[in-house]
Amino acid sequence: MQMMTLNNGVKMPALGLGTYALRGKECERAIKDALECGYRLFDTAQMYANQREIGNAIKQMPRKELFLETKISQNASFSEAKNIIHRALDELQTDYLDLLLIHDNYSRSKEIYEAMQEAYKQGLIKALGISNFNANAYALFIKEVEIMPTINQCQTHLFYQQKALRAAMKETILQSWSPFIAGRKEVFENDLVQNLSKKYGKTPAQIILRFLNEENIALIPKTSRKERMKENLDIFDFTLETQDRENLRKLDQNKSYFSWVD
């Protein structure tokens with residue numbers, strides 16, 4: 001697995017499994033399938049309500065081989081954030097989190113982050129991050145915190161490449177949620193993507209993920225199907241030509257495809 005180095009020196013897999021909407025036994029089965037395929041990074045969140053199932057599925061794996069990331073998903077106070085952190089550790093059945101994010105730009109984000117920074121200094125978290133912060137919110141936030149976020153997890157895909165946000169984040173890596181725009185057909189059926197799929201002998205999904213990977217964007221595509229897991233992971237054995245990457249950059253429409261983000 002290709003690794004990315006965060007701004008605090010922590011190594012993170014470049015591609016992991018998103019677990020949004022995975023619940024119960026289906027979640028445990030999906031995580032076990034992903035482990036068999038070679039996944040080691042698993043992304044979850046307080047609001048996903050599946051941390052316990054993920055903890056159950058991974059407990060036979062050596063902890064040092066895994067990268068677990070989760071998110072605080074409420075406008076919590078300092079004390080509430082501390083409780084959420086300890087609940088995540090309990091449910092995931094681990095002594096530490098590799099990465100903890102604030103799920104959105106809440107009014108009390110600074111207070112939440114203070115609790116996260118305290119847990120980081122205690123060794124309970126290896127890296128801190130944020131999610132769904134636009135360029136302006138990011139610029140304001142980093143002026144108010146002691147520890148620079150390592151990750152900003154945002155909607156990022158071929159049609160919304162977050163170029164302005166990436167330019168603003170010199171020390172923070174962008175991590176893409178929904179790189180396939182929740183499976184919308186137009187991204188897979190795009191003429192350029194189809195042509196590159198034939199040229200490289202890769203699926204449209206692999207072309208999309210490889211392009212984002214070569215743009216230094218971390219990836220957490222969600223799927224519960226083992227064959228898709230294998231497909232999504234099989235993107236590190238080819239390189240896109242410079243002109244092909246430039247043509248894919250031109251597909252950017254610079255707009256959100258999810259109204260709730262706006």
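Strands β4 (residues 41-43) and β5 run parallel and are joined by three bridges; two strands count as paired if DSSP finds at least two bridges between them. This is a predicted model, in which local features need pLDDT of at least 70 and side-chain atom pairs count only at pLDDT 80 or more, while totals for chains, interfaces and linings use all residues. Residues are numbered from 1 along each chain as its sequence is written, and side-chain values use heavy atoms, with hydrogens and water left out. Helices (H or I, at least four residues) and strands (E, at least two) are DSSP runs numbered from the N terminus.

- Strand β5 (residues 67-72) is largely enclosed by the rest of the structure, because six of its six residues are buried; buried means under 20% relative accessible area, exposed over 50%, and partly exposed in between (1.4 Å probe, protein chains only).
- In a regular strand the side chains alternate between the two faces of the sheet.
- In β5, F67, E69 and K71 lie on one side and L68, T70 and I72 on the other, and both faces are covered.
- L41 has F67 of β5 as its bridge partner.
- β4, helix α2 (residues 51-58) and β5 form a right-handed β-α-β unit; right-handed means that, with the strands pointing away from the viewer, the path from the first strand over the helix to the second runs clockwise.
- Four bridges pair β5 with strand β6 (residues 99-102) in the parallel sense, and K71 has L101 of β6 as its bridge partner.
- The chain passes from β5 to β6 through helix α3 (residues 78-92), in a β-α-β crossover that is right-handed.

- β6 and β7 run parallel with three bridges between them, and L100 stands opposite L128 in β7.
- Helix α4 (residues 109-121) makes a right-handed β-α-β unit with β6 and β7.
- In strand β7 (residues 128-131), L128 and I130 point one way and G129 and S131 the other, and all are buried.
- β7 is joined by three bridges to strand β8 (residues 151-155), and the two run parallel; I130 has N152 of β8 as its bridge partner.
- Helix α5 (residues 135-142) belongs to a right-handed β-α-β unit with β7 and β8.

**Aromatic rings**

- Rings of Phe, Tyr and Trp (its six-membered ring) pair if their centres lie within 6.5 Å, with planes under 30 degrees apart counted as stacked, over 60 as edge-to-face and the rest as tilted.
- By this rule the count comes to seven aromatic pairs.
- The pair of W177 and F258 is tilted, because the ring centres are 5.3 Å apart and the planes stand at 55 degrees.
- Y200 is buried at 18% relative accessibility, and F238 is buried at 11%.
- One aromatic cluster is formed by Y113, F133 and F141.
- The charged end of R63 sits over the ring of Y96, 4.0 Å from its centre; this requires NZ of Lys or CZ of Arg within 6 Å of the ring centre and within 35 degrees of the ring normal.
- R184 lies over the face of F258, at 5.8 Å from the ring centre.

**Salt bridges**

- The whole structure holds 21 salt bridges, each a side-chain nitrogen of Lys or Arg within 4 Å of a carboxyl oxygen of Asp or Glu.
- K71 and D43 form one, with the closest N and O atoms 2.8 Å apart.- K71 lies in β5 and D43 in β4, and the pair links parts of the chain 28 residues apart.
- K71 is buried at 1% relative accessible area, and D43 is buried at 2%.
- R29 and D33 form a salt bridge whose closest N and O atoms are 3.0 Å apart; these residues are four apart in helix α1 (residues 24-37), about one helical turn.
- R29 is partly exposed at 34% relative accessible area, whereas D33 is buried at 15%.
- E214 and R245 meet in a salt bridge at 3.6 Å, N to O.
- R166, R210, E214, E215, R245, E246 and R249 are linked in a network of salt bridges.

**Cysteines**

- The structure holds zero disulfides, a disulfide being a pair of cysteine sulfur atoms within 2.5 Å.
- The sulfur of C37 is 15 Å from the closest cysteine sulfur, in C27, which is too far for a bond.
- C27 is buried at 0% relative accessibility, and C37 is buried at 18%.
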